[in-house]
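User: I have a model open and want to go through a few spots in it. Can you walk me through them?

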Amino acid sequence: MQSNDLSFETALDERVGDMLDACTRCGKCVEACPSVKPAGIADVSPEAIISGILDIVRTGEGPQASRQWAEACMLSGECIRACDEGVNPRFLLAMARVSLAKAKHELPERRRQGVQKYREIGRDVSVLSRLQLDNEVLERLGQKSASVKTSAETPDFVFYTGCNVLKTPHIALLALDIMDTIGISYQVMGGPSHCCGVMQLRPGDVEMTGRVGESAIEKLSHSKSGQVISWCPSCYVQFTETTLPTIERQRGARPFEMTPFMRFLDGRLAELKPHLRKPVRMRVALHRHPGISGAVEAAIEILQAIPGIDLIDLKQPAVGLQSVNLGVLPAFKRELQLNELQAASDAGVDALVTVYHSEYRELCAHERDWSFRIVNILELVGESMGLQQRDRFKELKIMQDADLIISECSDLIAHHALDAGKAREVVVNAMLGDQPLPLKPRPQPVS
(Lines give C-alpha, C1' and ligand atoms only; values in the text may rest on other atoms or scores of the structure.)
Protein backbone atom coordinates (compact mmCIF):
# COMPACT_ATOMS: atom_id res chain seq x y z
CA MET A 1 0.00 0.00 0.00
CA GLN A 2 1.31 3.45 -0.96
CA SER A 3 -0.68 6.58 -0.19
CA ASN A 4 0.07 10.16 0.68
CA ASP A 5 -2.86 9.88 3.10
CA LEU A 6 -0.90 7.49 5.31
CA SER A 7 0.42 9.00 8.51
CA PHE A 8 4.06 8.32 9.37
CA GLU A 9 3.00 6.12 12.29
CA THR A 10 0.59 4.08 10.15
CA ALA A 11 3.20 3.60 7.42
CA LEU A 12 5.74 2.53 10.04
CA ASP A 13 3.25 0.06 11.54
CA GLU A 14 2.69 -1.44 8.10
CA ARG A 15 6.42 -1.92 7.59
CA VAL A 16 6.73 -3.54 11.01
CA GLY A 17 3.79 -5.84 10.22
CA ASP A 18 5.40 -6.96 6.96
CA MET A 19 8.64 -7.76 8.79
CA LEU A 20 6.87 -9.66 11.56
CA ASP A 21 5.13 -11.78 8.93
CA ALA A 22 8.42 -12.46 7.13
CA CYS A 23 10.30 -13.57 10.27
CA THR A 24 10.50 -17.36 10.59
CA ARG A 25 11.77 -17.29 14.21
CA CYS A 26 14.79 -19.38 13.22
CA GLY A 27 17.02 -17.60 15.77
CA LYS A 28 20.02 -17.07 13.45
CA CYS A 29 20.02 -13.37 14.30
CA VAL A 30 20.34 -14.17 18.00
CA GLU A 31 23.12 -16.68 17.35
CA ALA A 32 25.12 -14.05 15.43
CA CYS A 33 24.65 -11.25 17.97
CA PRO A 34 27.70 -10.21 20.06
CA SER A 35 25.42 -8.73 22.76
CA VAL A 36 23.93 -12.07 23.80
CA LYS A 37 26.78 -13.33 25.97
CA PRO A 38 27.58 -10.09 27.85
CA ALA A 39 23.84 -9.56 28.34
CA GLY A 40 23.74 -12.86 30.25
CA ILE A 41 21.24 -14.68 28.01
CA ALA A 42 23.55 -17.09 26.15
CA ASP A 43 21.86 -20.09 27.80
CA VAL A 44 18.41 -19.18 26.45
CA SER A 45 17.34 -20.74 23.16
CA PRO A 46 17.75 -18.30 20.21
CA GLU A 47 14.36 -19.34 18.86
CA ALA A 48 12.70 -18.43 22.15
CA ILE A 49 14.45 -15.05 22.28
CA ILE A 50 13.41 -13.95 18.79
CA SER A 51 9.89 -15.29 19.32
CA GLY A 52 9.68 -13.14 22.44
CA ILE A 53 10.85 -10.09 20.46
CA LEU A 54 7.96 -10.53 18.04
CA ASP A 55 5.57 -10.71 21.00
CA ILE A 56 7.04 -7.52 22.48
CA VAL A 57 6.69 -5.67 19.17
CA ARG A 58 3.05 -6.73 18.93
CA THR A 59 1.95 -6.28 22.54
CA GLY A 60 4.66 -4.54 24.55
CA GLU A 61 5.07 -7.70 26.65
CA GLY A 62 7.43 -10.66 26.36
CA PRO A 63 9.85 -12.89 28.25
CA GLN A 64 12.69 -11.36 30.26
CA ALA A 65 15.46 -12.76 28.04
CA SER A 66 13.90 -11.10 24.99
CA ARG A 67 13.60 -7.80 26.84
CA GLN A 68 17.25 -8.05 27.84
CA TRP A 69 18.28 -8.71 24.25
CA ALA A 70 16.34 -5.70 22.97
CA GLU A 71 17.80 -3.43 25.63
CA ALA A 72 21.36 -4.76 25.12
CA CYS A 73 21.43 -4.12 21.37
CA MET A 74 24.70 -2.41 20.36
CA LEU A 75 23.56 -2.07 16.71
CA SER A 76 26.43 -4.25 15.47
CA GLY A 77 24.43 -5.34 12.43
CA GLU A 78 25.56 -8.98 12.58
CA CYS A 79 21.89 -9.96 12.86
CA ILE A 80 21.11 -8.36 9.49
CA ARG A 81 23.86 -10.31 7.77
CA ALA A 82 22.74 -13.55 9.41
CA CYS A 83 19.09 -13.36 8.26
CA ASP A 84 18.14 -15.38 5.17
CA GLU A 85 14.62 -13.94 4.96
CA GLY A 86 15.41 -10.31 4.18
CA VAL A 87 14.30 -9.23 7.65
CA ASN A 88 16.18 -6.47 9.47
CA PRO A 89 16.36 -7.76 13.06
CA ARG A 90 18.15 -4.57 14.19
CA PHE A 91 15.09 -2.59 13.09
CA LEU A 92 12.78 -5.05 14.87
CA LEU A 93 14.79 -4.63 18.06
CA ALA A 94 14.38 -0.86 17.78
CA MET A 95 10.63 -1.38 17.38
CA ALA A 96 10.64 -3.72 20.40
CA ARG A 97 12.22 -0.95 22.47
CA VAL A 98 9.55 1.45 21.21
CA SER A 99 6.85 -1.02 22.28
CA LEU A 100 8.44 -1.41 25.72
CA ALA A 101 8.56 2.38 26.11
CA LYS A 102 4.91 2.69 25.09
CA ALA A 103 3.92 0.03 27.61
CA LYS A 104 5.84 1.80 30.37
CA HIS A 105 4.73 5.42 29.84
CA GLU A 106 1.81 7.31 28.34
CA LEU A 107 2.48 9.63 25.38
CA PRO A 108 2.83 12.88 27.37
CA GLU A 109 5.68 11.40 29.44
CA ARG A 110 7.34 9.87 26.38
CA ARG A 111 7.13 13.20 24.58
CA ARG A 112 8.56 15.00 27.61
CA GLN A 113 11.52 12.59 27.64
CA GLY A 114 12.15 13.15 23.94
CA VAL A 115 12.02 16.93 24.30
CA GLN A 116 14.36 16.79 27.30
CA LYS A 117 16.95 14.66 25.46
CA TYR A 118 16.71 16.88 22.38
CA ARG A 119 17.34 19.99 24.49
CA GLU A 120 20.23 18.35 26.31
CA ILE A 121 22.02 17.36 23.13
CA GLY A 122 21.36 20.79 21.63
CA ARG A 123 22.85 22.48 24.68
CA ASP A 124 25.90 20.20 24.83
CA VAL A 125 26.66 20.51 21.11
CA SER A 126 26.16 24.27 21.11
CA VAL A 127 28.37 24.91 24.14
CA LEU A 128 31.21 22.51 23.33
CA SER A 129 31.45 23.70 19.72
CA ARG A 130 31.45 27.33 20.83
CA LEU A 131 34.21 26.71 23.35
CA GLN A 132 36.36 25.77 20.35
CA LEU A 133 35.17 27.79 17.33
CA ASP A 134 34.37 31.36 16.37
CA ASN A 135 31.31 32.39 14.35
CA GLU A 136 33.03 32.15 10.97
CA VAL A 137 34.00 28.51 11.46
CA LEU A 138 30.61 27.64 12.97
CA GLU A 139 29.03 29.06 9.83
CA ARG A 140 31.23 26.84 7.67
CA LEU A 141 29.81 23.89 9.63
CA GLY A 142 26.23 24.96 8.97
CA GLN A 143 25.61 26.34 12.45
CA LYS A 144 24.62 29.89 11.56
CA SER A 145 21.37 30.91 9.88
CA ALA A 146 23.06 32.23 6.75
CA SER A 147 24.76 28.90 6.12
CA VAL A 148 21.63 26.72 6.20
CA LYS A 149 19.70 28.63 3.55
CA THR A 150 19.40 27.02 0.14
CA SER A 151 22.43 27.96 -1.95
CA ALA A 152 21.99 30.07 -5.06
CA GLU A 153 23.46 27.15 -7.01
CA THR A 154 22.33 23.65 -6.12
CA PRO A 155 25.33 21.60 -4.89
CA ASP A 156 26.16 18.14 -6.15
CA PHE A 157 25.83 16.72 -2.60
CA VAL A 158 24.55 17.57 0.83
CA PHE A 159 27.04 16.77 3.60
CA TYR A 160 25.07 15.87 6.72
CA THR A 161 27.12 16.09 9.90
CA GLY A 162 24.53 14.95 12.42
CA CYS A 163 24.86 16.58 15.85
CA ASN A 164 27.56 15.10 18.05
CA VAL A 165 30.55 15.39 15.71
CA LEU A 166 30.28 19.14 16.33
CA LYS A 167 31.66 18.48 19.82
CA THR A 168 34.91 17.44 18.09
CA PRO A 169 34.74 19.91 15.19
CA HIS A 170 38.24 19.32 13.86
CA ILE A 171 36.96 15.99 12.48
CA ALA A 172 34.08 17.59 10.57
CA LEU A 173 36.31 20.41 9.33
CA LEU A 174 38.84 17.92 7.97
CA ALA A 175 36.03 16.16 6.08
CA LEU A 176 35.18 19.50 4.44
CA ASP A 177 38.85 20.25 3.69
CA ILE A 178 39.26 16.85 2.02
CA MET A 179 36.13 17.32 -0.12
CA ASP A 180 37.28 20.82 -1.09
CA THR A 181 40.66 19.48 -2.16
CA ILE A 182 39.24 16.76 -4.40
CA GLY A 183 36.63 19.12 -5.88
CA ILE A 184 33.37 17.95 -4.30
CA SER A 185 30.52 20.48 -4.49
CA TYR A 186 28.45 20.25 -1.28
CA GLN A 187 26.31 22.10 1.21
CA VAL A 188 26.79 21.41 4.94
CA MET A 189 23.74 20.68 7.07
CA GLY A 190 23.45 19.27 10.56
CA GLY A 191 23.21 20.06 14.22
CA PRO A 192 20.05 19.97 16.36
CA SER A 193 18.12 22.06 13.80
CA HIS A 194 18.44 19.08 11.42
CA CYS A 195 17.73 16.32 13.95
CA CYS A 196 17.29 12.82 12.54
CA GLY A 197 14.54 11.96 15.07
CA VAL A 198 16.38 9.29 17.04
CA MET A 199 16.04 11.32 20.26
CA GLN A 200 12.27 11.07 19.88
CA LEU A 201 12.24 7.42 18.80
CA ARG A 202 14.16 6.12 21.82
CA PRO A 203 11.49 7.12 24.37
CA GLY A 204 8.79 5.83 22.00
CA ASP A 205 7.29 9.04 20.56
CA VAL A 206 6.73 7.79 17.03
CA GLU A 207 4.58 10.71 15.90
CA MET A 208 7.24 13.25 16.86
CA THR A 209 9.93 11.03 15.32
CA GLY A 210 8.11 11.32 12.01
CA ARG A 211 7.61 15.08 12.27
CA VAL A 212 11.24 15.76 13.19
CA GLY A 213 12.60 13.31 10.62
CA GLU A 214 10.41 14.63 7.81
CA SER A 215 11.46 18.20 8.60
CA ALA A 216 15.14 17.25 8.34
CA ILE A 217 14.55 15.25 5.17
CA GLU A 218 12.88 18.22 3.48
CA LYS A 219 15.97 20.33 4.22
CA LEU A 220 18.35 17.61 3.01
CA SER A 221 16.50 16.96 -0.27
CA HIS A 222 18.29 19.59 -2.36
CA SER A 223 21.25 18.30 -4.35
CA LYS A 224 21.89 17.66 -8.01
CA SER A 225 22.83 14.05 -7.39
CA GLY A 226 19.97 13.17 -5.03
CA GLN A 227 22.67 12.01 -2.63
CA VAL A 228 23.34 12.90 1.01
CA ILE A 229 26.79 12.13 2.41
CA SER A 230 26.35 11.19 6.06
CA TRP A 231 28.94 11.45 8.81
CA CYS A 232 27.07 10.20 11.90
CA PRO A 233 26.41 6.43 12.00
CA SER A 234 23.45 6.80 14.39
CA CYS A 235 21.78 9.26 12.02
CA TYR A 236 22.55 6.97 9.09
CA VAL A 237 20.79 4.02 10.75
CA GLN A 238 17.86 6.19 11.85
CA PHE A 239 17.33 7.59 8.37
CA THR A 240 17.99 4.46 6.29
CA GLU A 241 16.26 1.90 8.50
CA THR A 242 13.39 3.90 10.02
CA THR A 243 12.59 7.24 8.40
CA LEU A 244 13.41 7.00 4.68
CA PRO A 245 11.77 3.58 4.12
CA THR A 246 8.68 4.76 5.99
CA ILE A 247 8.43 7.93 3.92
CA GLU A 248 8.93 5.81 0.80
CA ARG A 249 5.89 3.77 1.84
CA GLN A 250 3.93 6.98 2.37
CA ARG A 251 4.92 8.68 -0.88
CA GLY A 252 5.98 5.87 -3.17
CA ALA A 253 9.55 7.19 -3.57
CA ARG A 254 12.59 8.11 -1.50
CA PRO A 255 13.58 11.78 -1.33
CA PHE A 256 17.29 10.89 -1.58
CA GLU A 257 19.86 8.18 -1.02
CA MET A 258 22.35 8.38 1.84
CA THR A 259 26.00 7.26 1.77
CA PRO A 260 28.30 7.07 4.81
CA PHE A 261 31.32 9.36 4.47
CA MET A 262 33.88 6.54 4.74
CA ARG A 263 32.24 4.63 1.88
CA PHE A 264 31.88 7.84 -0.14
CA LEU A 265 35.55 8.71 0.31
CA ASP A 266 36.61 5.16 -0.49
CA GLY A 267 34.53 5.36 -3.68
CA ARG A 268 36.56 8.46 -4.60
CA LEU A 269 39.90 6.85 -3.78
CA ALA A 270 41.19 7.33 -7.33
CA GLU A 271 40.62 11.07 -6.95
CA LEU A 272 42.01 11.10 -3.41
CA LYS A 273 45.27 9.21 -4.00
CA PRO A 274 47.04 11.91 -6.06
CA HIS A 275 46.66 14.25 -3.08
CA LEU A 276 48.14 11.75 -0.60
CA ARG A 277 51.64 13.03 -1.27
CA LYS A 278 53.34 13.25 2.10
CA PRO A 279 54.41 9.94 3.72
CA VAL A 280 53.00 9.42 7.22
CA ARG A 281 55.48 6.99 8.73
CA MET A 282 53.46 5.43 11.51
CA ARG A 283 52.45 2.03 12.82
CA VAL A 284 48.73 2.36 13.46
CA ALA A 285 45.84 0.20 14.65
CA LEU A 286 42.22 0.83 13.66
CA HIS A 287 39.49 0.95 16.31
CA ARG A 288 36.67 -0.90 14.55
CA HIS A 289 32.86 -0.93 14.72
CA PRO A 290 31.07 -2.97 12.02
CA GLY A 291 27.54 -1.57 12.39
CA ILE A 292 27.50 0.11 8.97
CA SER A 293 28.22 -2.43 6.29
CA GLY A 294 31.45 -1.68 4.43
CA ALA A 295 32.54 1.29 6.56
CA VAL A 296 35.40 -0.50 8.33
CA GLU A 297 36.58 -2.01 5.06
CA ALA A 298 36.51 1.44 3.48
CA ALA A 299 38.54 2.90 6.36
CA ILE A 300 41.14 0.15 5.94
CA GLU A 301 41.49 0.86 2.22
CA ILE A 302 41.85 4.59 2.90
CA LEU A 303 44.53 4.01 5.56
CA GLN A 304 46.43 1.65 3.28
CA ALA A 305 46.41 4.30 0.55
CA ILE A 306 48.35 6.72 2.77
CA PRO A 307 52.08 6.35 2.00
CA GLY A 308 54.13 5.27 4.99
CA ILE A 309 51.24 3.84 7.05
CA ASP A 310 51.82 0.37 8.53
CA LEU A 311 48.42 -0.99 9.61
CA ILE A 312 48.54 -3.42 12.54
CA ASP A 313 45.65 -5.75 13.41
CA LEU A 314 45.31 -5.91 17.20
CA LYS A 315 42.98 -8.96 16.97
CA GLN A 316 40.41 -7.27 19.20
CA PRO A 317 36.63 -7.78 18.98
CA ALA A 318 34.80 -5.38 16.66
CA VAL A 319 31.23 -4.82 17.87
CA GLY A 320 28.60 -2.10 17.85
CA LEU A 321 27.61 0.74 15.56
CA GLN A 322 29.97 3.17 17.28
CA SER A 323 31.40 3.36 20.76
CA VAL A 324 28.46 5.18 22.33
CA ASN A 325 26.16 2.27 21.46
CA LEU A 326 28.18 -0.07 23.70
CA GLY A 327 26.99 1.98 26.66
CA VAL A 328 24.04 -0.41 27.08
CA LEU A 329 26.61 -2.91 28.46
CA PRO A 330 28.93 -0.63 30.45
CA ALA A 331 31.16 -3.26 32.10
CA PHE A 332 31.63 -5.04 28.76
CA LYS A 333 32.47 -1.71 27.12
CA ARG A 334 35.11 -0.81 29.71
CA GLU A 335 36.68 -4.25 29.35
CA LEU A 336 36.87 -3.90 25.55
CA GLN A 337 38.42 -0.44 25.75
CA LEU A 338 41.02 -1.43 28.33
CA ASN A 339 41.96 -4.58 26.41
CA GLU A 340 42.37 -2.60 23.21
CA LEU A 341 44.54 0.07 24.84
CA GLN A 342 46.73 -2.63 26.33
CA ALA A 343 46.94 -4.49 23.02
CA ALA A 344 47.94 -1.27 21.24
CA SER A 345 50.65 -0.70 23.83
CA ASP A 346 51.90 -4.28 23.55
CA ALA A 347 52.01 -4.00 19.75
CA GLY A 348 54.09 -0.83 19.96
CA VAL A 349 51.85 1.20 17.67
CA ASP A 350 52.32 4.91 17.17
CA ALA A 351 48.59 5.63 17.09
CA LEU A 352 45.18 4.11 17.74
CA VAL A 353 42.92 5.40 14.97
CA THR A 354 39.15 5.93 15.30
CA VAL A 355 36.65 6.17 12.48
CA TYR A 356 33.80 7.94 14.29
CA HIS A 357 33.51 10.81 16.74
CA SER A 358 31.98 9.07 19.78
CA GLU A 359 34.89 6.70 20.34
CA TYR A 360 37.28 9.57 19.69
CA ARG A 361 35.64 11.62 22.46
CA GLU A 362 35.77 8.68 24.86
CA LEU A 363 39.32 7.55 24.10
CA CYS A 364 41.34 10.66 23.25
CA ALA A 365 42.22 11.64 26.83
CA HIS A 366 43.81 8.20 27.36
CA GLU A 367 46.64 9.51 25.19
CA ARG A 368 47.87 11.14 28.41
CA ASP A 369 48.52 7.72 30.00
CA TRP A 370 49.74 5.53 27.13
CA SER A 371 52.72 5.54 24.81
CA PHE A 372 50.78 6.17 21.59
CA ARG A 373 48.59 8.87 20.08
CA ILE A 374 44.83 8.59 19.69
CA VAL A 375 43.66 10.22 16.47
CA ASN A 376 40.79 10.19 14.01
CA ILE A 377 41.40 8.67 10.60
CA LEU A 378 40.83 12.01 8.88
CA GLU A 379 43.78 13.49 10.79
CA LEU A 380 46.09 11.01 9.04
CA VAL A 381 44.45 11.58 5.65
CA GLY A 382 44.81 15.31 6.20
CA GLU A 383 48.45 15.02 7.28
CA SER A 384 49.30 13.25 4.04
CA MET A 385 47.39 15.87 2.04
CA GLY A 386 48.99 18.81 3.86
CA LEU A 387 45.71 19.66 5.64
CA GLN A 388 45.51 20.35 9.35
CA GLN A 389 42.84 21.38 11.85
CA ARG A 390 43.68 22.07 15.48
CA ASP A 391 42.26 19.43 17.82
CA ARG A 392 41.16 21.73 20.60
CA PHE A 393 38.83 19.10 22.12
CA LYS A 394 41.69 16.78 23.09
CA GLU A 395 43.80 19.67 24.36
CA LEU A 396 40.97 20.70 26.67
CA LYS A 397 39.90 17.23 27.79
CA ILE A 398 43.42 16.15 28.74
CA MET A 399 43.50 19.07 31.21
CA GLN A 400 40.91 17.14 33.31
CA ASP A 401 40.05 20.36 35.17
CA ALA A 402 36.75 22.12 34.42
CA ASP A 403 37.85 25.43 35.91
CA LEU A 404 41.06 25.44 33.91
CA ILE A 405 39.14 24.57 30.73
CA ILE A 406 36.70 27.45 31.28
CA SER A 407 39.61 29.79 31.92
CA GLU A 408 41.34 28.64 28.72
CA CYS A 409 38.15 29.31 26.75
CA SER A 410 37.34 32.69 28.30
CA ASP A 411 37.79 34.61 25.03
CA LEU A 412 35.31 32.42 23.16
CA ILE A 413 32.91 32.43 26.12
CA ALA A 414 32.87 36.22 25.87
CA HIS A 415 32.72 36.12 22.05
CA HIS A 416 29.57 33.96 22.10
CA ALA A 417 28.12 35.59 25.25
CA LEU A 418 27.95 32.21 27.00
CA ASP A 419 27.12 31.84 30.66
CA ALA A 420 30.41 30.62 32.16
CA GLY A 421 28.67 28.72 34.95
CA LYS A 422 26.40 26.83 32.55
CA ALA A 423 29.33 26.20 30.21
CA ARG A 424 31.25 24.69 33.12
CA GLU A 425 28.34 22.30 33.80
CA VAL A 426 28.49 21.14 30.17
CA VAL A 427 32.26 20.65 30.41
CA VAL A 428 31.85 18.56 33.58
CA ASN A 429 29.03 16.39 32.23
CA ALA A 430 29.45 16.25 28.45
CA MET A 431 33.24 16.43 28.14
CA LEU A 432 34.95 15.19 31.32
CA GLY A 433 32.01 12.96 32.23
CA ASP A 434 32.08 11.31 28.81
CA GLN A 435 34.74 8.86 30.02
CA PRO A 436 33.47 5.25 30.23
CA LEU A 437 36.92 3.86 31.08
CA PRO A 438 38.49 6.08 33.76
CA LEU A 439 41.93 7.49 33.16
CA LYS A 440 44.80 6.10 35.18
CA PRO A 441 45.12 7.70 38.62
CA ARG A 442 47.74 10.42 38.76
CA PRO A 443 50.31 10.15 41.57
CA GLN A 444 49.62 12.63 44.38
CA PRO A 445 52.45 14.89 45.57
CA VAL A 446 53.89 14.04 48.97
CA SER A 447 53.21 16.77 51.51
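User: Start with F159. Which residue stands opposite F159 in β3?
Analyst: I229 stands opposite F159. This is a predicted model, where local features need pLDDT of at least 70, side-chain atom pairs count only at pLDDT 80 or more, and totals for chains, interfaces and linings use all residues. Residues are numbered from 1 along each chain as its sequence is written, and side-chain values use heavy atoms, with hydrogens and water left out.

User: How many bridges pair β1 with β3?
Analyst: Three bridges, in the parallel sense, between β1 (residues 157–160) and β3 (residues 227–230). Strands count as paired if DSSP finds at least two bridges between them. Strands here are DSSP runs of E, at least two residues, and helices are runs of H or I, at least four, numbered from the N terminus.

User: What is the strand order in the open sheet with β1?
Analyst: The order is β2-β1-β3-β4, with parallel pairing. At the edges are β2 (186–189) and β4 (257–260), each pairing on one side only.

User: Which helix packs on that sheet?
Analyst: Helix α10 (residues 169–181) does, touching β1, β2 and β3; contact means heavy atoms within 4.5 Å. The direction of α10 makes about 170 degrees with that of β2. Axes are lines fitted to C-alpha atoms, for helices over the stretch in contact, and angles run from 0 to 180 degrees between N-to-C directions.

User: And at what angle do α10 and α19 pack?
Analyst: About 40 degrees, with the axes of α10 and α19 (residues 377–385) 9 Å apart. That makes α10 oblique to α19, since under 35 degrees is roughly parallel, over 145 roughly antiparallel, 65 to 115 roughly perpendicular and the rest oblique.

User: Which residues of α10 meet α19?
Analyst: H170, I171, L174, A175, I178 and T181 in α10 meet L378, E379, V381 and M385 in α19.

User: Which sheet strands does α19 touch?
Analyst: α19 packs on a sheet and touches β5 (282–286), β6, β7 and β8. That open sheet runs β6-β5-β7-β8, with parallel pairing. Four bridges join β7 (residues 351–354) to β8, and A351 stands opposite R373 in β8.

User: Switching topic: is T243 buried or exposed?
Analyst: T243 is buried, with a relative accessible area of 0%; buried means under 20%, exposed over 50%, partly exposed in between (1.4 Å probe, protein chains only). T243 lies in helix α13 (residues 233–251).

User: What does T243 touch?
Analyst: F8, C196, G213, I217 and Q238, not counting residues up to four places away in sequence.
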